[in-house]
Amino acid sequence: MDIDAWRREDPEFTRAVTQIHEPGALPTDPEIPARHAYWELLPGDVRARLLEKAGRCLTWWAGPDSEGRPAALVVGDRGLCRVGQVLRDGVPEFRGRRARVEPGSLHSRSFDGSPPADGRATAPGLPGAPVSRLDLDREAQGVLGHFPLPVQDFLQRPFLTGEDGVTADWYYDETVEPDRTIWFVALVLSTGHAVTLAEGTRTLDRGARPDQARWHGIQYHRARLVPR
């Protein structure tokens with residue numbers, strides 16, 4: 001990432017410092033199918049409708065909600081879409097919600113996992129600038145903490161005003177191979193006015209320390225949402 005280019009693009013870049021989080025645990029349940037398998041468990045018309053409403057897909061996942069019912073999330077260049085199962089007269093049916101992306105407001109970046117060119121480990125911001133903190137629960141902070149510092153900053157920056165509560169949605173899965181462990185991690189932060197998201201793959205070689213895990217490309221995005 002070109003930090004100087006980001007600073008020129010975003011005047012707020014140097015005026016505040018976002019809180020940097022530490023990585024948390026990423027526990028997995030082998031009894032729950034991974035997102036691709038769970039996606040196939042959703043009815044075909046539900047999947048088609050989600051993709052139609054979201055537009056060009058930026059990230060997605062499917063799995064059980066907090067009550068164990070089927071649910072899915074898709075974020076695209078036209079909208080942030082959620083679908084879940086509810087009971088209507090005792091019969092389960094799927095209900096969806098979409099927050100529309102404001103046309104022309106989508107900005108995308110990529111991070112290849114390379115160390116910053118200047119060797120700095122800190123997120124951008126002027127020395128001594130106040131730290132702005134989002135009201136995220138501990139689990140959301142732990143997922144956010146796995147992303148590199150510039151990505152954490154990018155994801156949090158649109159919400160620094162604190163006008164709305166931030167909703168955090170995330171998904172991750174783990175694949176254990178003989179010589180390494182692979183994680184896929186996706187995170188979406190949103191309010192009624194904005195959305196940011198990131199997804200990427202991280203690997204840890206067998207016998208290596210956790211801090212030696214490597215990212216292999218992160219795609220991350222932010223956009224304004226059309227108020228309802």
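**View A. Surroundings of arginine 202 in the predicted model.** Setting aside neighbours within four places in sequence, arginine 202 is in contact with His146, Thr181, Ile182, Trp183, Pro210, Ala213, Arg214 and Trp215. Arginine 202 sits in strand S10, residues 194-205. Buried or exposed? Arginine 202 counts as buried, because its relative accessibility is 16% and the cut-off for buried is under 20%. The arginine 202 side chain also makes a polar contact with the side chain of histidine 146, at 3.1 Å.

**View B. Strand S9 and its pairing with S10.** S9 spans residues 180-190. Ten of its eleven residues are buried, so the strand is largely enclosed by the rest of the structure. S9 and S10 run antiparallel and are joined by eleven bridges. Three residues lie between the two strands in a hairpin. Which residue is the bridge partner of alanine 186 in S10? That partner is glutamate 199. In a regular strand, side chains alternate between the two faces of the sheet.

**View C. Strand S8 against S9.** S8 covers residues 167-176. S8 runs antiparallel to S9, with ten bridges joining the pair. A hairpin of three residues connects S8 to S9. Aspartate 169 stands opposite valine 188 in S9.

**View D. Salt bridge between glutamate 40 and arginine 47.** The two side chains meet with an N to O distance of 3.9 Å. Glutamate 40 counts as exposed, at 54% relative accessibility. Arginine 47 is buried, with a relative accessible area of 18%.

**View E. Salt bridge between arginine 88 and glutamate 93.** The closest N and O atoms are 3.9 Å apart. Arginine 88 is partly exposed, with a relative accessible area of 48%. Glutamate 93 is also partly exposed, at 24% relative accessibility. Elsewhere, salt bridges that share partners join Asp65, Glu67 and Arg69 into one network.

**View F. Salt bridge between glutamate 67 and arginine 69.** How far apart are the closest N and O atoms of glutamate 67 and arginine 69? The distance is 3.0 Å. Glutamate 67 counts as exposed, at 57% relative accessibility. Arginine 69 counts as partly exposed, at 29%. In total, the count comes to twelve salt bridges.

Notes. Residues numbered from 1 in each chain as written. Predicted model: local features only at pLDDT ≥ 70, side-chain atom pairs only at ≥ 80, totals over all residues. Heavy atoms only, no water. Salt bridge = Lys/Arg side-chain N within 4 Å of Asp/Glu carboxyl O. Buried < 20%, exposed > 50% of the residue type's maximum accessible area, 1.4 Å probe, protein only. Helix = DSSP H or I, 4+ residues; strand = E, 2+ residues; numbered from the N terminus. Polar contact = N/O pair within 3.5 Å; in protein donor to acceptor, adjacent residues only side chain to side chain. Contact = heavy atoms within 4.5 Å. Pairing = 2+ DSSP bridges.
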